[in-house]
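Thank you all for coming. I would like to walk you through one model today, beginning with a single residue and then widening the view.

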Amino acid sequence: MKAIAVLAALLFGAAALSLLLGRYQPSPLDAALRLWQGLEGKPSELWTVIRELRLPRVIAAVSIGAGLAVSGAAYQALFRNPLASPEVLGGLAGAAFGAALGILLGHALWQMQLASFAFGLLAVGLTLLLARLVGQSGIVVLLLAGLITGAFFTALLSTAKYVADPYDKLPAITYWLMGTLSSINVPSVWLTAPLMIAATVALVALGHALNVLSMGDEEAATLGMPVRTVRALVIALATLLGTLSVTLAGMIAWVGLLIPQIARLIWGADNRRVLPASALLGALYVLLLDDVARTAFPVELPLGVLTALVGLPVFAVVLRRVAVGWSE
Amino acid sequence: MIEARDLYAGYDRQPVVQGVTLRIARGETLALLGPNGCGKTTLLKALCAIHPAHSGSIHVDGDDLGHLSAPERARRIAYVPQQHRLVFAYSVLDVVMMGRLAGRGLIARPTPADFAAVHAVLAQLGLRDLAGRSYAALSGGQRQQVLIARALAQDAPYLLLDEPASSLDYGNQLRLLELLGQLRDGGRGVLFTTHHPDHAFVVATRVVLMQAGRFIAQGTPAQCMNREQLARLYALPADELDQAVRAQRWAQQAV
């Protein structure tokens, strides 16, 4: 629990620092003076930048990072597979196609976001329906159904890109799918962030239930766990988190797969620790990389590319130690 | 009392367990013997509602098993599966704690009483030194003992054990049989499957012989585990059985 408190403190510190970081950068003395004036009720540019630009962005980064990491960790326990990620049920592929369709047919950002959210839910719904039609409640069938749905929506996405206007719409689709918080829609952040944080907290609370569920459905049932209820709850919460993260920022790669591995490496396999640690670590990871994305270079880098470029080498370095916990 | 009447159960449409009637009372140990694939595991899984029964009925202390919620079932019947591997490196303490918490809701937290109960069970089985170790890194026999500890932590009046001795060394087999006897004397109803007729002689108050989904004999060990019955059960020529028994006697004399 001490580690969780330390992580939470680090996250708060990093968030506060991120608010002061950006292209609009008065000298520290000047900034302090203006912040003070702002507290006294006098408006200043710095306050406007923080309130209108940086705060929504920081909140989006935190809720996306926490949401993706915690839903990855929850799926890994649910599917008894350390390689599961938020996209296993096809939700992210569906949301990506929805976003492309929204860009293709719509004009406003909210149209694209709505289409993305709707298709994300639709894809997971199709996966569950397919698994039900197959008639076996097993985890493997669910995984295969997710694979099929995901691949199908990925093919649809390629189709949408193929027919998109190559000078206008295609770059917009491509750039969106790289994952970025640069063109964030502020009202949609205020709308979705509370939902995402609530869903994250709910998943974190299910840590012990996920421990039991990862022993296998049959064993979990004999231990007194209502297997179907827990599974439905976890899928609903993780789907909400994954889909909303795509609607806010496109595809933020690898956070859901990598962060839980790191959390397990440091704090052991118990999901009562892995879930909160993943949430905080994921939030910190996306927040810091978004700071880098928007300040480190003259042009802004796509966040989703950065999370992969930084995360994968780290994963490669620790892979040997991560694999210790996986038995054959 | 667990009471199954005319029970048919199995995986798909084809029932593996075919018309079985069985009672397990508190304070008795029941040994279930039969060749591989005869339906022992399927019967155990039906008795703890992992597989729904195709037809027939199962009652636990008078209540229909199918009408009990998962937590209610877990409070009455604890099940020890055959030992298995796990992907995640949970500690032994975490695994045994699942027996205490799982029936208590989705967001249950362990209390000091739960920790005390888990440590008591680990001490009872001589597993105290393993508490902090990773379950995934244990040997097969140790994992089996941890699963037994988890079932004991569940503190249910009935205990179903699926080949609990299969991976244990000779010493731990004998300790397990002694434990089953203690549980019986403490008033629990115990059903275990085994491939060792001598285990049934040591601890069982009653024996059930199962073949191709049906019971072919029930009674005290002395009543139903004679030369003819065992030869029939395992489809062995009687003289081969005699040879095995002679070898065992010889080994005993060597001791």
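**Starting from Ala222 in chain B**

Let me begin with Ala222(B), which is found in helix α8 of chain B, a helix that covers residues 221-224. Please keep in mind throughout that what we are looking at is a predicted model. Is Ala222(B) buried or exposed? It has 9 C-beta neighbours inside 10 Å, and because a residue with 12 or fewer of them is classed as exposed, Ala222(B) counts as exposed. To give a sense of distance within the chain, the C-alpha atoms of Ala222(B) and Arg13(B) are separated by 37 Å, and these two residues are 209 residues apart along the chain.

Let me now take chain B as a whole. There are ten helices and ten strands in it, and its C-alpha atoms fill a box of roughly 55 × 50 × 35 Å when taken along the principal axes. For 255 residues a compact globule would have a radius of gyration near 18 Å, and the 19 Å of chain B agrees with that. Of those 255 residues, 45% count as buried, and among the contacts between residues at least 6 apart in sequence, 67% join residues at least 24 apart.

Next, the sheets of chain B. In one of them, six strands form an open sheet in the order β6-β7-β8-β3-β9-β10 (chain B), with mixed pairing. The edge strands are β6 (77-80) and β10 (214-219) of chain B, each of which pairs on one side only. Neighbouring strands of this sheet are turned against each other by 15 degrees on average, if direction is ignored. Helix α5 of chain B, residues 140-154, packs on the sheet, where it touches β6 and β7 (158-161) of chain B, and its direction makes about 175 degrees with that of β6(B). Helix α6 of chain B, residues 170-185, lies across β3 (29-33), β7 and β8 (189-193) of chain B, and runs at about 150 degrees to β8(B).

Another sheet has four strands, in the order β2-β1-β4-β5 (chain B), and it is open with antiparallel pairing. Here β2 (17-24) and β5 (63-64) of chain B stand at the edges with a single partner strand each, so one side of each is left without a neighbour in the sheet. Helix α1 of chain B, residues 40-47, packs on this sheet and touches β1 (2-9), β2 and β4 of chain B, its direction making about 125 degrees with that of β1(B). Strand β4 of chain B, residues 53-60, runs antiparallel to β5(B) and is joined to it by two bridges, and Val60(B) stands opposite Asp63(B) in β5(B).

Let me turn to chain A. How many helices and strands does the secondary structure of chain A come to? The count is 14 helices and zero strands. The radius of gyration of chain A is 20 Å, close to the 20 Å that the globule rule gives for 328 residues, so chain A is as compact as a globular protein of that length. Its C-alpha atoms fill a box of roughly 65 × 55 × 35 Å along the principal axes, and 48% of its 328 residues count as buried. Among contacts in chain A between residues at least 6 apart in sequence, 76% join residues at least 24 apart.

The buried residues in α5(A) include Met112(A), Phe117(A), Phe119(A), Gly120(A) and Thr127(A). What covers the buried residues of α5(A) includes α4 (91-105), α6 (139-163), α8 (186-205) and α11 (227-249) of chain A. Just after α5(A), Gly135(A) takes a positive phi of about 90 degrees.

Finally, the two chains together. Here 25 residues of chain B are in contact with 27 residues of chain A. On the side of chain B that touches chain A, the elements giving two or more residues are α2 (70-76) and α3 (92-101) of chain B. The residues of that side of chain B divide into 19 nonpolar, three polar and three charged.

Definitions and conventions: Residues numbered from 1 in each chain as written. Chains lettered and ligands numbered in written order. Predicted model: local features only at pLDDT ≥ 70, side-chain atom pairs only at ≥ 80, totals over all residues. Buried ≥ 20, exposed ≤ 12 C-beta atoms within 10 Å, placed from the backbone. Contact = placed C-beta atoms within 7 Å. Nonpolar A, V, L, I, M, F, W, Y, C, P; charged D, E, K, R; others polar. Rg over C-alpha atoms; globule rule 2.2 N^0.38 Å. Pairing = 2+ DSSP bridges. Axes fitted to C-alpha atoms, helices over the stretch in contact; angles between N-to-C directions.
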